[in-house]
Amino acid sequence: MASAAAILWPIISLTIWALYCSVCLARNYQVARKIGLPVRVIPIDHTNAVWTLLDRKVLYYIRKLPGFLGNNSFTRYNFRTWELHDRCSSHHEMGDAFIIVTPFRNWLYISNPATITEVFRRRTDFPQCIELTEILDVFGKNLGTVEGRQWQVQRKIIASCFTEQNYEVVWTESLSLAHDMLEYWTKKRDISSSADDLRTLSLHVLTGAGFGKHFPFEGHDERTETSVSGNYKNALQMILENCILIMGIGPKVLARIRPFLPKAWKLAILSETCAEFQRYMTIMYEEEKSKQADTAPVRTLMSSLVRASQVEAKTGAGLTEREIYGNMFMLNFAGHDTTAHTFTFAIHFLAAHPDVQAWVSEEIRAVHTDSQRDALNNYSVDFPRLVRCLAVMLETLRLYTPVPVAKWTDKGTASLRIGSKIALLPPNTMVIPSYAAVHTDPSIWGSDSLEWRPSRWIKANSGPPGNEELIVPSDGSFLGWSEGARNCPAKKFSQVEFVATLAILLRDWHVDIVPESGESLVDSQKRVMDLIENDSGAVLLLQMLHPERVSLVWSKST
Ligand code: HEM
Ligand SMILES: *[C@@H]1O[C@H](CO)[C@@H](O)[C@H](O)[C@H]1NC(C)=O
Ligand SMILES: *[C@@H]1O[C@H](CO)[C@@H](O)[C@H](O)[C@H]1NC(C)=O
Ligand SMILES: *[C@@H]1O[C@H](CO)[C@@H](O)[C@H](O)[C@H]1NC(C)=O
């Protein structure tokens with residue numbers, strides 16, 4: 001009897017669940033049809049947590065089925081990062097806007113830059129869907145997880161942290177870390193840890209420029225086992241590396257179950273690490289508060305955060321202590337993988353494009369002629385001149401955009417002009433700028449829009465190398481850092497970090513792919529481009545899934 005129940009029960013619950021989903025799907029389909037835009041239907045919402053763990057694997061097998069069974073909306077749209085593989089195709093088939101119906105919600109995708117700009121502009125009609133970012137609340141509410149009035153208060157304070165004084169610190173930290181990373185790389189014949197090392201670099205830039213904690217670069221093989229009783233950086237690194245788990249369970253629950261876990265268990269260690277990180281944050285916060293009377297210029301994000309909050313507190317609009325912690329974590333989280341993944345894509349693109357390396361190097365040498373360690377040390381003069389370095393970043397973000405942007409209508413109804421039509425969008429509709437389509441639309445970027453070609457960002461004949469100008473994409477056509485009031489407040493922070501690092505790497509050195517046995521140069525370049533194109537996907541953000549499969553080698557340029 002018991003065993004029959006054990007078999008029947010899951011079947012019954014699955015059936016009920018499937019029926020429920022079908023009903024929701026049918027209802028959402030009705031709603032979508034009324035809007036009057038092309039519609040595609042998929043059976044599972046792509047934000048379904050269980051499904052996101054399985055999507056790529058399951059669909060890999062389903063695609064092998066013959067005919068329609070293996071080639072339909074389910075196989076085409078029902079996984080995260082489908083946009084990347086689809087690029088402009090769906091919009092070419094269906095026009096500027098279409099709707100994907102799921103059992104949970106309808107997702108409106110738009111590729112018209114004017115409409116996208118309109119969505120960003122109407123912040124109250126199309127707020128952030130903070131349900132999707134709620135998991136970032138682990139250490140307290142923060143800029144990424146609030147809306148409306150609360151968001152305005154927090155945004156004003158956070159935005160004031162990103163200053164030119166801070167970028168100077170970002171610049172010098174990045175130069176010095178990149179120098180040490182290059183030294184580590186050039187001593188080895190064969191580097192398969194580029195992604196890991198770039199992650200370390202971006203983490204150390206953040207702890208330094210963000211929180212005044214300076215750590216020397218540590219190469220992949222030099223890294224000691226991250227221990228709990230380490231320091232601020234080790235705790236943070238451990239948290240960031242395990243953030244899916246921590247966010248899923250939550251530090252409070254972790255703390256509560258800790259007494260019952262064997263000490264050596266990962267969960268127990270993570271729980272201890274979260275507590276440790278909280279202690280570090282408290283110490284840093286107390287330190288900053290006591291410096292209040294200090295008149296020295298504030299240079300780190302942390303000191304700006306605390307001081308701005310104190311100033312705002314006088315008008316009744318400061319941050320609570322818990323919100324400060326929330327934002328400290330948020331800044332670390334938002335600034336870590338984003339930059340690191342962009343670096344990783346860029347280094348692999350560069351390795352497969354020696355001509356682009358030479359082109360970038362030409363600029364760096366024009367900007368700095370002596371090869372001393374302190375070359376390039378003037379941020380305000382050197383950074384604006386290194387536009388080719390920046391173009392490498394922009395071009396990489398254009399094709400591989402790590403951070404997706406999602407707005408929605410929430411509880412309201414909103415009308416939206418799409419081309420010559422006006423669509424009336426009901427509550428609970430997701431509104432998604434199709435960045436992967438916009439970023440590769442041939443009518444915006446030309447017929448080679450799918451090619452990685454950084455020089456497209458440079459204005460023709462705008463000057464000699466070192467004095468060139470960048471093109472400015474028209475509104476709504478480049479969304480790497482998003483646009484509008486809720487764009488990335490750290491756009492320049494990440495640019496400064498990227499440019500300084502690239503300038504050090506490519507000034508006197510170049511990077512090549514280590515060929516596999518019997519492989520020609522062209523074949524090895526094709527292999528890396530194939531890995532970038534066909535082995536990228538989302539863990540939390542879009543990233544190269546197996547960068548360690550490529551070995552790189554650095555050599556001195558003549
Ligand atoms: C290549 C690097 C980066 C890229 C491509 C990037 C991209 C983005 C994008 C697209 C958004 C908007 C997200 C949305 O609408 O849901 C965003 C928001 C944000 N980013 Fe970045 N980011 C980068 C680096 C950083 C860094 C280094 C920091 C911090 C030091 C940072 C802090 C933030 C914060 C706090 C927000 C939330 C803003 C708000 O909601 O008002 N980002 N970023
Ligand atoms: C899938 O079907 C569409 C038409 O429905 C067709 O254009 C496309 O080539 C098919 N793809 C594959 C891989 O068979
Ligand atoms: C950078 O160069 C500018 C202009 O030459 C100069 O005014 C400034 O003092 C320099 N800054 C540093 C840190 O050397
Ligand atoms: C990615 O895979 C597809 C299908 O296997 C292939 O046609 C394409 O050439 C690959 N991309 C690259 C850059 O090699």
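Author: Arginine 527 and glutamate 519 are both buried. This is a predicted model. The two residues form a salt bridge, with the closest N and O atoms 2.8 Å apart. Glutamate 519 sits in a loop. That loop runs between strand E8 (509-513) and helix H23 (521-534). Beyond residues up to four places away in sequence, glutamate 519 touches Ser524 and Arg527. The side chain of glutamate 519 also has a backbone partner. One of its polar atoms lies 2.8 Å from the backbone nitrogen of glutamate 516.

How many salt bridges are there by this rule? The count comes to 29.

Take arginine 398 and glutamate 395. Their side chains meet in a salt bridge at 2.9 Å, N to O. Both residues belong to helix H19 (residues 387-399). They are three residues apart, about one turn of the helix. Are these residues buried or exposed? Arginine 398 has a relative accessible area of 0%, so it counts as buried. Glutamate 395 also has a relative accessible area of 0%, and therefore is buried. The pair is part of a wider set. Glu395, Arg398, Asp448, Arg453 and Arg456 are linked in a network of salt bridges.

Now take aspartate 86 and arginine 76. They form a salt bridge, with the closest N and O atoms 3.0 Å apart. Aspartate 86 lies in helix H5 (residues 82-86) and arginine 76 in helix H4 (residues 73-77), so this pair ties together parts that are 10 residues apart in sequence. Aspartate 86 has 8% relative accessibility, so it counts as buried. Arginine 76 has 26%, so it counts as partly exposed.

Cysteine 88 is in the loop between H5 and helix H6 (89-94). Its relative accessibility is 10%, so cysteine 88 counts as buried. What does cysteine 88 touch, not counting residues up to four places away in sequence? The answer is Ala437, Thr440, Asp441 and Pro442.

Which protein donor does the iron atom of ligand 1 have? Its only protein donor is Cys488, through SG, at 2.3 Å. Cysteine 488 lies in the loop between helix H21 (442-445) and helix H22 (491-508).

The loop between H21 and H22 also holds asparagine 461. Asparagine 461 is not a glycine, yet its phi is positive, about 50 degrees. Its relative accessibility is 82%, so asparagine 461 counts as exposed. Aspartate 410 has a positive phi as well, about 55 degrees, although it is not a glycine. Aspartate 410 is found in the loop between strand E4 (407-408) and strand E5 (414-418). It has a relative accessible area of 28%, so aspartate 410 is partly exposed.

Next comes a polar contact. The side chains of serine 557 and histidine 510 make it, at 3.1 Å. Serine 557 is in the segment after strand E11 (552-556). Leaving aside neighbours within four places in sequence, serine 557 is in contact with Arg365, Asp508, Trp509 and His510.

Last, the surface. Which residues form a nonpolar patch there? They are Leu8, Trp9, Ile12 and Ile16. Together they have about 440 Å² of accessible area. Leucine 8 is placed in helix H1 (residues 2-35). Its relative accessibility is 46%, so leucine 8 counts as partly exposed.

Back to the starting point.

Conventions:
Residues are numbered from 1 along each chain as its sequence is written. Chains are lettered from A and ligands numbered from 1 in the order in which they are written. This is a predicted model: local features need pLDDT of at least 70, side-chain atom pairs count only at pLDDT 80 or more; totals for chains, interfaces and linings use all residues. Side-chain values use heavy atoms; hydrogens and water are left out. Patches are made of residues with over 30% relative accessible area and no salt bridge: like charges are joined within 9 Å, nonpolar side chains (Val, Leu, Ile, Met, Phe, Trp, Tyr) within 5 Å. Accessible areas come from the Shrake-Rupley method with a 1.4 Å probe; for residues, only the protein chains shown count as cover. A salt bridge is a side-chain nitrogen of Lys or Arg within 4 Å of a carboxyl oxygen of Asp or Glu. Helices (H or I, at least four residues) and strands (E, at least two) are DSSP runs, numbered from the N terminus. Buried means under 20% relative accessible area, exposed over 50%, partly exposed in between (1.4 Å probe, protein chains only). A polar contact is a pair of N or O atoms within 3.5 Å; within protein, one must be able to donate a hydrogen and the other to accept it, and residues adjacent in sequence count only if both atoms are side-chain atoms. Contact means heavy atoms within 4.5 Å. Donors are N, O and S atoms within 2.8 Å of the metal (3.2 Å for Na, K and Ca); water is not among the atoms, so sites may look incomplete.
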